[in-house]
Amino acid sequence: MDRTRFFVRVSAIYALIGAFMGSHMAGGGGYQLSAIHAHILVVGWLSLFAFAIFYKVFAIPKASKLASFHVWSSFIGVFGLTVGMWLYYTDPFGGLGIFNTIFFIAGGTILLFAFISFAILVFVQGKHISEA
């Protein structure tokens, strides 16, 4: 899998969703979803795009299990956090409070593991990260 292409494409989807949400909130005058909008743009668009640039700039081996874990936990974590946050704050289906809370917490926890794995990856694969 091309990690760079994957992250850029997914981040573009989050950018589109975030921009649409922002436009909708501004047009409707309601800012109740601003926290969700911000998280979609920051962790969905910016973080995933930054990860794409990281994998493009530095020659992290494709066989790295840590890099693979990072990619998939980032993807799942961002989805889980943002959808879970939306479910938690809006309760669109009613009566699923515990499920919404667990979904939100699980997504955020997976995303936390993604950022931890990224930090570890930077040090473990340090020999591939240089200006040369």
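**Ground rules.** I am working with a predicted model, in which local features need pLDDT of at least 70, side-chain atom pairs count only at pLDDT 80 or more, and totals for chains, interfaces and linings use all residues. Residues are numbered from 1 along each chain as its sequence is written, and side-chain values use heavy atoms, with hydrogens and water left out.

**Entry 1, the fold.** I looked up the secondary structure and found four helices and zero strands, in the order α-α-α-α along the sequence. Helices here are DSSP runs of H or I with at least four residues, strands are runs of E with at least two, and both are numbered from the N terminus. Along the principal axes, the C-alpha atoms fill a box of roughly 50 × 30 × 20 Å.

I then asked how much of the protein counts as buried. The figure is 35% of the 132 residues; buried means under 20% relative accessible area, exposed means over 50%, and partly exposed is in between, with a 1.4 Å probe and protein chains only. The accessible surface comes to about 7800 Å², and 73% of that surface belongs to carbon and sulfur atoms. These areas come from the Shrake-Rupley method with a 1.4 Å probe, and for residues only the protein chains shown count as cover.

Contacts came next (heavy atoms within 4.5 Å). Of those with a separation of 6 or more, 73% are between residues 24 or more positions apart.

What is its volume? I noted about 210 Å³ for the largest pocket. For the method: on a 1 Å grid over the protein atoms alone, a pocket is an open set of points where a 1.4 Å probe fits, with protein on both sides within 12 Å along at least five of seven lines, and lining residues have an atom within 4 Å of a point. Grid points are joined across faces, edges and corners, and the volume is the space filled by probe spheres set on the points.

The lining has 13 residues, and those nearest the centre are Ile17, Met21, Ile36, Ile40 and Trp86. Helices H1 (3-28), H2 (34-57) and H3 (65-90) each supply at least two lining residues, with the largest share, six residues, coming from H1. By type I wrote down eleven nonpolar, two polar and no charged. The classes are: Ala, Val, Leu, Ile, Met, Phe, Trp, Tyr, Cys and Pro nonpolar; Asp, Glu, Lys and Arg charged; the others, Gly among them, polar.

His37 sits in helix H2. Is His37 buried or exposed? His37 counts as buried because its relative accessibility is 18%. Its side chain reaches the backbone oxygen of Gly18 at 2.9 Å, a polar contact (a pair of N or O atoms within 3.5 Å; within protein, one must be able to donate a hydrogen and the other to accept it, and residues adjacent in sequence count only if both atoms are side-chain atoms). Beyond four places in sequence, His37 is in contact with Gly18, Met21, Gly22 and Met25.

Ser47 is also in H2, and I put it down as buried at 15% relative accessibility. Leaving aside neighbours within four places, Ser47 is in contact with Val42 and Phe115.

Tyr55, in helix H2 too, is buried at 6% relative accessibility. With residues up to four places away set aside, Tyr55 touches Arg3, Thr4, Phe7, Ile60, Ala67, His70, Val71 and Leu121. Tyr55 and Thr4 are 51 residues apart along the chain, yet their C-alpha atoms are separated by 5.8 Å.

**Entry 4, the loop between H3 and H4.** Asp91 lies in this loop. I checked its phi and found a positive value of about 45°, although Asp91 is not a glycine. Most residues other than glycine have a negative phi. Asp91 counts as partly exposed at 33% relative accessibility.

Pro92 belongs to the loop between H3 and helix H4 (97-124) as well, and is partly exposed at 38%. Not counting residues up to four places away, Pro92 touches Trp86 and Leu87. The C-alpha atoms of Pro92 and Val78, 14 residues apart along the chain, are separated by 20 Å.

My last stop was Ile102, in helix H4. At 52% relative accessibility, Ile102 counts as exposed. Its C-alpha atom is 8.0 Å from that of Gly84, 18 residues away along the chain.
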